[in-house]
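Here are my notes for a colleague who is opening this model for the first time. Please keep the structure in view as you read.

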Amino acid sequence: MMKPKVAFFDFAGCEGDQLQVANLEEDLLALLGKVDVVCFREVMKECDEDYAIAFVEGSCTRLQDEDRLKRIRENAKIVVAIGSCATIGGINSLRNYKNLDEVRKTVYGEKAKLFDTYEARPIDAVIPVDAYVYGCPIDKDEFLHVVTSLLMGKKPDIPTYPVCVECKKNENVCAFERDQFCVGPVTRAGCDSCCVNEGTICWGCRGLVDNPNENSHKEVLIKYGLTVEEAIGKFKLYFGWQEGKK
Amino acid sequence: MRLISKKDFSNFVNALINDDSLNIVGVKAKDQKFSFGPLESAGDLRLDYDVTLLPPKKYFFPQRETLFGYSLSKGFVAEKPAETKPLILVGVHPYDIAALLHMDEVFKDTKSDPYYSERRNKSVIIGVNIQKICKNCFAPQMGTATIDEGYDLMLTDLGNRYAIDIGTLKGKNLLAKYAKNVKTAYTRDIQLVGQKEHEIYAKAQQKLDFSPDRIPGLLEKNYEEREFWEEHAEKCLACGSCVLVCPTCYCFDVKDQPNLSLNKGERIRTWDGCLLEDFAKVASGENFRATRLSRYRHRYFKKGKYLFDRFGFISCVGCGRCSSNCLPDIANPVTLFNDLYNYTLEKGVKVGPPTSPEVEIKTEGNIDFVPRVAKIVKKTPMTSLETLFEIKLEDGSELSHEPGQFVEVSVFGVGEAPISVSSPPTKKGSFELCVRRLGNVTTKLHSLNEGDLIGIRGPFGKGFNPDSLKGKDLLFIAGGLGIAPLRSLFNYVLANRKDYGKVILLYGCKEPKELLFGEEVLSLEKRDDVEFKPTVDWCPEGELWDGNIGVITTLIPQVDFDPQRTYAIVVGPPIMYKFVIADLKERDVPDDHIILSLERRMKCGVGKCGHCQINQIYVCKDGPVFNYSKIKGVPEAL
Ligand SMILES: Cc1cc2nc3c(=O)[nH]c(=O)nc-3n(C[C@H](O)[C@H](O)[C@H](O)COP(=O)(O)OP(=O)(O)OC[C@H]3O[C@@H](n4cnc5c(N)ncnc54)[C@H](O)[C@@H]3O)c2cc1C
Ligand code: SF4
Ligand code: SF4
Ligand code: SF4
Ligand code: SF4
Ligand code: SF4
Ligand code: FES
């Protein structure tokens, strides 16, 4: 079997996900046996335009990004969005709630006019995406699962149910019983509820499930003591783009 | 009854812990709550707990377990998962013991689940009577706050000592081997135990307004009360918490997990639950329980009616875990049943007296989750989506199926899918599967070649029973892929033509190029012992078609049959049934002369995983072939 050529690209994000991939160590070695990495920002300088699978990290925040994304789409057979920013717009879309001019000023100061940033969006708002590796940062095992699935020609098995499912299986004490507030009930599982396992909460980095019951969950947050504003705020951190689409 | 001082009891537990051949698990504190976990010292035991986060079922039916490992370097070799040590569970409350007894019934119904039963047989249950009751517990109402079976030893805290009731010889021997200073209990201690057990009943804070034996009847009356159900279900987060924490829920999912080398991996099963959105969704996109209402209602019916009809017990032991874990607070069975009871009273409807269903649980052998290896001997593309596969079992044996039965086909590393056998049992040496490319397994199957290996489990389910149709006139009605299972019976009938009366085949598909088994069926037009009528919904311009144009029901008025002598065998997509049955009824075909094959999401194929359930019916085991008279009263069936 010819090894498929693989490339990694980054847009607005922190490159934390590429770091996760670089951290795979032995697994990366096994993986490298199966694929040929032709472009990887973290570890190589030269980039080849001929690749079958493109992993894209970061959200699209400017018009110029769109052209680059479209070129990637044309070159690659399979486009995989990795990380919160690329899959759901991520933390970048927090700014979608603010006036964009203000955002530009805070970020770029006096030069703001030169940059035509717009609402941060996931890459599937611009080009069709074949597979997603959710999370901020992504989970190594899930990344490997997605790659293995793609190599086998199957659709990766990404949960459609919320984080609570994994949280219950892990026998955690629910955040709400620890006087904390969690958006696990509307967030797509797949991370093995890792944050709650560590005694914290789910912030929603994997984005909303396909059919979230947001009203009911906001009621829950309020019932347990948040104000309406605070409850809405809980949804803003990661769900900016997904909420805005509705 | 025996007595042991608390100090000697601790020594007993420590002696068990020190025996490396055993796995000792007990109730421990976990962040202000409790859970079952491995015991390192008797001092960690908290027998004064109220309820554990998860029930002890996790030791017999774990959240994730390996069914088998596989290696593909030499064809397909399955490896059994490693043996586990005998398990001793310390501190199980009576309601959780009752729940395990329920699970035992479920896992041994028809065929026994070897993974579950092996762990159960190797375990010892040391129960403890409830000392503190959790605020949502209603075990006293369900009659499970105390129990007199299902344990090897049962403890009752009597201050500075425990009373021990010996339930089994296994328990007695364990005590004899590891415990010291065990005395026979005095009458007053026995009385004290009775008193303690009695006190628990007064402690419950949750109370049903009526006797629990009326739950099945109450539910039955209210299935269609959509307004009632919707009002409760609209808040459901589809988070599955209520079923995942339930000691009597047993639904699971099965998946393949290849490792990075791709030619090794595991087939695993994991907890699943009917409250999750995709639980009943199939590859075509159809979701048989698509609404919150239908999923929410299903759980209550499952607990209070369906399993009752099947096993004779209400499948809720009143532990209260679901209530404690539902954030919008809609999963509490006591609140729901009381609401439903009062709703019914307000409407002036009377709930009948309790009934007792006829229960007959038989166990015939073990389930084998490991497939048999089989080879694709021939691959014949039929349409752009469907391919016919001829399959031979590698060990040379016959599949020996009945027309209408299905097999679970494994594509290693990808998973399993149920596929009807589409050849008749009269075909020897190999069998045929007609497969539509839709999702993961079917797509990968299409990419395999002649000579490649796949796995086969089965045949499963109830078929058409061709003997029962002998001497009758047969009206076959097939829509689209429905021809696949139907063909196994149709060709069987042709092979035994003299045993049957008049034979009619009506076959419809969307357009001419989607016609399956084209040559084979079109050649039927030449036979004078079969009446054959094909139809297409439409024919694009330029394509050749000289048959009927119109949906399948337009063919029914075109054929002549005697409804009293005729059996109609109908297989097609779900929406077809309603219309075809209505037309058959119009022609006075009696209900019990209509035979159908139903499709539902399937995982295990053997009546365990819960996916294919329609009300109280398991399609994989009780079907897929059903007599219409048996399912017409089943609300979710058609
Ligand atoms: C009794 C029975 C007989 C069938 N006979 C045939 C046949 O002869 N030819 C044919 O092409 N198809 C048949 N099907 C449908 C076939 O099982 C599904 O198309 C197939 O499971 C899709 O699997 P997938 O992995 O390709 O799809 P995915 O969408 O990837 O599905 C994943 C898993 O979900 C389950 N699942 C999904 N769809 C269905 C479904 N429709 N029915 C049951 N389980 C499902 C399976 O376990 C499957 O592996 C039959 C279904 C049943 C229940
Ligand atoms: S902690 Fe969060 S994810 Fe876990 S069960 Fe509670 S709400 Fe769900
Ligand atoms: S628990 Fe929530 S925040 Fe944490 S990784 Fe999972 S989805 Fe992201
Ligand atoms: S726990 Fe409550 S919200 Fe979650 S699935 Fe069950 S009923 Fe719905
Ligand atoms: S339904 Fe609820 S109360 Fe009943 S056994 Fe299950 S978790 Fe316990
Ligand atoms: S179908 Fe029954 S056993 Fe399965 S999850 Fe639902 S209530 Fe539990
Ligand atoms: S119960 Fe598992 S497929 Fe029917």
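1. Chain A and chain B bury about 3200 Å² between them, with 56% of it on carbon and sulfur atoms. Buried area is the accessible area (1.4 Å probe) that two parts lose on being put together, summed over both. In chain A, Met152(A), Lys169(A) and Glu171(A) lose the most area to chain B, together 23% of what that side buries.

2. This is a predicted model, in which local features need pLDDT of at least 70, side-chain atom pairs count only at pLDDT 80 or more, and totals for chains, interfaces and linings use all residues. Residues are numbered from 1 along each chain as its sequence is written, chains are lettered from A and ligands numbered from 1 in the order in which they are written, and side-chain values use heavy atoms, with hydrogens and water left out.

3. Contact (heavy atoms within 4.5 Å) joins 35 residues of chain A to 42 residues of chain B. The rule finds three salt bridges across this interface. A salt bridge is a side-chain nitrogen of Lys or Arg within 4 Å of a carboxyl oxygen of Asp or Glu. Lys58(B) and Glu171(A) form a salt bridge through their side chains, at 2.5 Å, N to O.

4. Which elements of chain A give two or more residues to the side that touches chain B? They are helix 2 (26-34), helix 6 (140-152), helix 7 (163-169) and helix 9 (214-223). Helix 9 of chain A gives the most, with five residues. Helices here are DSSP runs (H or I, at least four residues), and strands are runs of E, at least two, both numbered from the N terminus.

5. Chain A itself is assigned domain 1 (5-151) and domain 2 (163-245); such bounds come from an automatic or database domain assignment. Between them the two domains bury about 1400 Å², 61% of it on carbon and sulfur atoms. In contact are 17 residues of domain 1 and 15 residues of domain 2.

6. One salt bridge is found across this domain interface. The side chains of Glu142(A) and Arg206(A) meet in a salt bridge at 2.7 Å, N to O. On the domain 1 side, helix 4 (83-88) and strand 6 (117-121) of chain A each give two or more residues. Strand 6 gives the most, with three residues.

7. Now to chain B. The residues around ligand 6 (a heavy atom within 4 Å) include Cys249(B), Cys251(B), Cys274(B) and His298(B). Helix 10 (residues 292-311) of chain B gives the most to this shell, with three residues.
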